[in-house]
Amino acid sequence: MDFFYSLYPLIKSFHIIAVVCWMAGLFYLPRLFYYHVTEGEKAQTSELFCLMEMRLLKIITTPAMLATWFFGLIMLMIPGVIDLSTSWIWVKIVAVLILTGFHGWLAAKRRELQEGTCQVSGRTFKMMNEVPTVLLIIIVILAVVKPF
C-alpha cells in the first residue's frame, strides 16, 4: 500500500481530470438532445446529431465516467486517505451513484433518439441539463468542506 500512498497525488489528479471530462459530457449531452428534438426534423440534421451524440457519449463521456470510478475506488482503498466512518463520503457516493444513473438515462435516450422512438420533449431535456450541475455542486462541497 505504500506504493499507492506515494502515488496518491497522481491518482487524485487523474480522478479530478476524469471528473472534469465526465461533467463536460454530462453538461453537453442534454443540450445536444434538446437541439436534436427541437431542430432535428430533417433527416440530414438528425443524422448529424446522432453522430455527435454517439461520439460524445462513447469517446469522451463514458470513458471519463469509468476513469472517475476507477481512480475514485483506488483512493478509497488507500488506508488513511478517506475516513469511511464519516457521513460526507457516503452522501458523496450516493450523489455519484445518482450521477451515474443519470449517465445511464442519457445513454438510453441517445439510443431512442437514434431509433426515432424518444418521447422526451425538448423542454424536459433543457430542464435535465441542470441535474449534473446540482450534483456537481453537492459533490464538490462534500469533498472539499467535509461538513459532517
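What percentage of the 148 residues of the protein count as buried? The proportion is 35%, where buried means under 20% relative accessible area, exposed means over 50%, and partly exposed covers the values in between (1.4 Å probe, protein chains only). The structure is a predicted model, in which local features need pLDDT of at least 70, side-chain atom pairs count only at pLDDT 80 or more, and totals for chains, interfaces and linings use all residues. Residues are numbered from 1 along each chain as its sequence is written, and side-chain values use heavy atoms, with hydrogens and water left out.

The protein contains 6 helices and 0 strands, and its pattern along the sequence reads α-α-α-α-α-α. These elements are DSSP runs numbered from the N terminus, with helices being H or I runs of at least four residues and strands being E runs of at least two. The C-alpha trace spans about 55 × 30 × 20 Å along its principal axes. Of the contacts between residues at least 6 apart in sequence, 77% join residues at least 24 apart; a contact requires heavy atoms within 4.5 Å.

The accessible surface amounts to about 8700 Å², and carbon and sulfur atoms account for 69% of that area. Such areas come from the Shrake-Rupley method with a 1.4 Å probe, and for residues only the protein chains shown count as cover. As for charge, the protein has 12 positive and 9 negative charges, whose mean positions are 3 Å apart. Lys and Arg count as positive and Asp and Glu as negative, while His and the chain ends are not counted; each charge is placed at NZ of Lys, CZ of Arg, CG of Asp or CD of Glu.

The discussion now turns to the largest pocket. About 740 Å³ of space lies within the largest pocket, and 30 residues line it. The residues of this lining that lie nearest the centre are H15, M75, K92, I139 and A143. Four helices, α2 (8–39), α3 (43–77), α4 (87–115) and α6 (131–145), each supply at least two lining residues. Helix α2 provides the largest share, 8 residues. The search runs on a 1 Å grid over the protein atoms alone: a pocket is an open set of points with protein on both sides within 12 Å along at least five of seven lines, a cavity is a set of points where a 1.4 Å probe fits but cannot get out, and lining residues have an atom within 4 Å of a point. Grid points are joined across faces, edges and corners, and the volume is the space filled by probe spheres set on the points.

Leaving aside residues up to four places away in sequence, H36 touches S46, F49, C50, E53 and L113. I16 also belongs to α2, but its relative accessibility is 45%, so I16 counts as partly exposed. The C-alpha atoms of I16 and G72 are 9.2 Å apart in space, although the two residues are 56 apart in sequence.

Helix α3 contains T61 and A67. With a relative accessible area of 0%, T61 is buried. Its contacts, not counting residues up to four places away in sequence, are W22, G25, L26, L29, L56 and H103. A67 is partly exposed because its relative accessibility is 22%. A distance of 11 Å separates the C-alpha atoms of A67 and S13, which are 54 residues apart along the chain.

The two ends of the helical pattern remain. L7 is found in the loop between α1 (2–6) and α2, and its 29% relative accessibility makes it partly exposed. L7 and C118 are 111 residues apart along the chain, and their C-alpha atoms are separated by 45 Å. In the segment after α6 lies K146, a residue other than glycine whose phi has a positive value near 50°. K146 is partly exposed, given its relative accessible area of 43%. P147 lies in the segment after α6 and is partly exposed, with a relative accessible area of 43%. Beyond residues up to four places away in sequence, P147 touches W88, I141 and L142. P147 and P30 are 117 residues apart in sequence, with 31 Å between their C-alpha atoms.
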